[in-house]
Amino acid sequence: MAGSGGLGGGAGGSQGAGGGPGAALRAPRAPLLFAALVLGAYCLCAFPGRCLPAGRIPAPAPAPAEPPRAARSPGTSGLPVASGSGRRRFPQALIVGVKKGGTRALLEFLRLHPDVRALGSEPHFFDRCYERGLAWYRSLMPRTLDGQITMEKTPSYFVTREAPRRIHGMSPATKLIVVVRNPVTRAISDYAQMLSKTPGLPSFGTLAFRRGLGPVDTAWSAVRIGLYAQHLDNWLRYFPLSHFLFVSGERLVSDPAGELGHVQDFLGLKRVVTDKHFYFNATKGFPCLKKAQGSGRPRCLGKSKGRPHPRVPEAMVQRLRAFYRPFNRKFYQMTGQDFGWD
């Protein structure tokens, strides 16, 4: 997870795409042939059309043996996890978004909690693999004991139109967590990830804008994901706002324990994961987990997290800030939270 950087706030320039939120999703321009070929190759790699068989999705790491919950000694240190007993349940909570917002970090932090059992891989059930059926989906889940919470995270759910209806069909009581981040920073981070996988991609500006510094191109997924208010509108057709928790990706970096406290409260969990579990890694630019008892070293997220962002001209940054501003303000009104991006 990359830090929030200095892209939040400030205004500059005006958006030529039509001003308000309602004008954002307009017809895409015809891309250059080379750009289309390169982006098509990227999509084939990044979004496979077939689902992995259940046996090929990595199971959660085996938990160490521990005494039954009722027999735990009050003085036991560390953060034990559930054993292999229990049964597989549908998730009671989902991290549904957003890509490059900090969802992997949040999941890893939550897995420290003894009452959270989470699938490590992204199953993409409600966007790509729904035809496999709910029984298949449940078979992927880790076993849990009574009182424990089953979770999974797939950030693309938030921008998938069918996902809210499908999740509601599984359980209308599902709790939904959305990690959001300054959409300008998020788009640049998204592009950095694409570029690492497909070095021949066109420049950020070529993909983000039509005709040089013309209208912002909302057909590009890196831009479209950041229209949080429009995506949330779709979700609120199926779930009340009380079923959502919106986590600040920026505060997840600057104050991970504080954000985890809100998440644990939302899930009805005791606040077990606290500031004693984190330290800030200045090299990576985000928090890491202190080494667990009996472990040889601290644990950070993978090397792909915290990758440097490509340089984007300030004029482009200002145009994107101006473009996202009305969407951000609508999102603040919908959620009752000001994330400070403007």
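These legends describe close-up views of a predicted model.

**Figure 1. The whole protein, as an overview.**
The protein has 342 residues, and buried residues make up 49% of them. It holds eleven helices and nine strands. Its accessible surface comes to about 15600 Å². Carbon and sulfur atoms own 56% of that surface. Take the contacts with a separation of 6 or more: residues 24 or more positions apart account for 75% of them.

**Figure 2. An open sheet of five strands.**
The strand order is β3-β5-β2-β6-β7, and the pairing is parallel. Strands β3 (116–118) and β7 stand at the edges. Each has a single partner strand, so one side of each is left without a neighbour in the sheet. From one strand to the next, the twist averages 25 degrees. In general, strands of a sheet pair through backbone hydrogen bonds.

**Figure 3. Two pairings inside the sheet.**
Strands β2 and β5 run parallel and are joined by three bridges. Here Ala 93 has Met 151 in β5 as its bridge partner. Strand β6 (residues 175–180) pairs with β7, also in the parallel sense, over five bridges. Val 179 stands opposite Val 247 in β7.

**Figure 4. Strand β7, an edge strand with buried residues.**
Strand β7 stands at an edge of the sheet. Even so, five of the five residues of β7 (residues 244–248) are buried. The strand is therefore largely enclosed by the rest of the structure. Phe 244, Phe 246 and Ser 248 point one way. Leu 245 and Val 247 point the other way. Both sets are buried.

**Figure 5. Helices α2 and α10 across the sheet strands.**
Helix α2 (residues 103–110) lies across β2, β3, β5, β6 and β7. Helix α2 runs at about 160 degrees to β2. Helix α10 (residues 256–266) lies across β6 and β7. The angle between α10 and β7 is about 170 degrees.

His 243 lies in the loop between α8 and β7. Is this residue buried or exposed? His 243 has a relative accessible area of 19%. The cut-off for buried is under 20%, so His 243 counts as buried. Beyond its neighbours within four places in sequence, His 243 is in contact with Pro 172, Ala 173, Thr 174, Lys 175, Leu 176 and Phe 266.

**Figure 6. The largest nonpolar core and the residues that join it.**
Nonpolar side chains tend to be buried together in soluble globular proteins. The largest nonpolar core here has 33 residues. Val 96, Phe 126, Ile 167, Trp 235 and Phe 331 touch the most other members. Elements giving two or more residues are β2 (93–97), α3 (134–140), α4, β6, α8 (228–235), β7 and α11. Helix α8 gives the largest share, four residues.

**Figure 7. Phe 331 and its contacts.**
Which residues does Phe 331 contact, leaving aside its neighbours within four places in sequence? They are Val 180, Tyr 228, Ala 229, Leu 232, Phe 246, Phe 339 and Trp 341. Of these, Phe 246 is a buried residue of β7.

Val 159 lies in the loop between β5 (149–153) and α4 (163–170). Val 159 is partly exposed, with a relative accessible area of 32%. Not counting residues up to four places away in sequence, Val 159 touches Ile 225 and His 231. Val 159 and Leu 227 are 68 residues apart in sequence. In space, their C-alpha atoms are 9.3 Å apart.

**Figure 8. The disulfide of Cys 288 and Cys 300.**
A search of the whole structure finds one disulfide. Cys 288 and Cys 300 form it, with their sulfur atoms 1.8 Å apart. Cys 288 sits in strand β9 (residues 286–289). Cys 300 sits in the loop between β9 and α11 (314–335). The two are twelve residues apart, and the pair links distant parts of the chain. Why is the disulfide called right-handed? The torsion about the S-S bond is about 110 degrees, so the disulfide is right-handed. Cys 288 is buried, with a relative accessible area of 1%. Cys 300 is partly exposed, at 28%.

Methods:
Residues are numbered from 1 along each chain as its sequence is written. This is a predicted model: local features need pLDDT of at least 70, side-chain atom pairs count only at pLDDT 80 or more; totals for chains, interfaces and linings use all residues. Side-chain values use heavy atoms; hydrogens and water are left out. A disulfide is a pair of cysteine sulfur atoms within 2.5 Å. Buried means under 20% relative accessible area, exposed over 50%, partly exposed in between (1.4 Å probe, protein chains only). Two strands pair if DSSP finds at least two bridges between them. Contact means heavy atoms within 4.5 Å. Accessible areas come from the Shrake-Rupley method with a 1.4 Å probe; for residues, only the protein chains shown count as cover. A nonpolar core is a set of buried Ala, Val, Leu, Ile, Met, Phe, Trp, Tyr and Cys residues joined through side-chain atoms within 4.5 Å. Axes are lines fitted to C-alpha atoms, for helices over the stretch in contact, and angles run from 0 to 180 degrees between N-to-C directions.
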